[in-house]
Amino acid sequence: MQSKDIKEKLKLLIHEASTTDPNLARRLEEVYRWVKGVKPGSLTAKRLVILFLLQIIDDAEVWLKIKSLPSEEEQQSALDELNPALKYWYGYLFAKWLSENDPKFHVWRQKLMSEEFSEEDDKLLECITGDIKQRGGHVVRRYISDLSMATDIIISTGQEKPLCIQLTTLSEEHFQQKLNDWENTLVFWLIERGLFLSFNPSQREFVHKIVNVALHNSRSLKSGDYFKFSL
């Protein structure tokens, strides 16, 4: 989708959401105002911005399909048909993000536009996500959950409440501050199960070890627990 088409799509979704879900319309309006004045060529060059826009358009379309169903029972039934990780995303986190204040949203939007974020983690997360799926798990990755909710991936192995995971390297600067921010963020969003997983990328088979720890905690971590683990 071209950048001009993305802007038009956002306007269409805002119009549709205005009568279906005002909270979604408000969020999409924020996003539209953010990119409205950016020239098409400049916007296209900002790969992470484009990926975020495509992601939120996809989520908005799914959300509108659910919310347009005539009864709450039918809406819940549509959510129940999703895998547990997606159900948790749309039925809880995305819904909560639409309806509540996000104190980080305006900050990371600016950083995203000014290209302050690196794409280095993408390949690693793709490997981890692929491994989890091969082993029967479900995974959700979103810029919103990453940058607003301190959650790189949401995984489920069938539990009612999926696990929100933050990944970091042991050598990362300001490690303790990141750990504190992670826990405070999960408390703010009322996330019930969280794993802060630090690892050494020079360790052999570290991706496989990350997946083992993630899947184990997805099965065993109790509701209300935030767990820190270092590989």
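Modeller: The largest pocket holds about 1400 Å³ of space. Here a pocket is an open set of points on a 1 Å grid over the protein atoms alone, where a 1.4 Å probe fits, with protein on both sides within 12 Å along at least five of seven lines. Grid points are joined across faces, edges and corners, and the volume is the space filled by probe spheres set on the points. The model is predicted: local features need pLDDT of at least 70 and side-chain atom pairs pLDDT 80 or more, while totals for chains, interfaces and linings use all residues. Residues are numbered from 1 along each chain as its sequence is written, and side-chain values use heavy atoms, without hydrogens and water.

The lining comprises 41 residues (those with an atom within 4 Å of a point), and Phe117, Asp121, Asp146, Leu147 and Asp152 lie nearest the centre. Among the elements that give two or more residues to this lining are helix H4 (47-67), helix H8 (120-134) and E3; helices (H or I, at least four residues) and strands (E, at least two) are DSSP runs, numbered from the N terminus. By class, 16 lining residues are nonpolar, nine polar and 16 charged, where Ala, Val, Leu, Ile, Met, Phe, Trp, Tyr, Cys and Pro count as nonpolar, Asp, Glu, Lys and Arg as charged, and the others, Gly among them, as polar.

Strand E3 spans residues 163-169 and includes Leu163. Leu163 has a relative accessible area of 0% and is therefore buried (under 20%, with a 1.4 Å probe and protein chains only). Beyond its neighbours within four places in sequence, its contacts (heavy atoms within 4.5 Å) include Ile153, Arg193 and Leu221.

Conventions: Buried means under 20% relative accessible area, exposed over 50%, partly exposed in between (1.4 Å probe, protein chains only).
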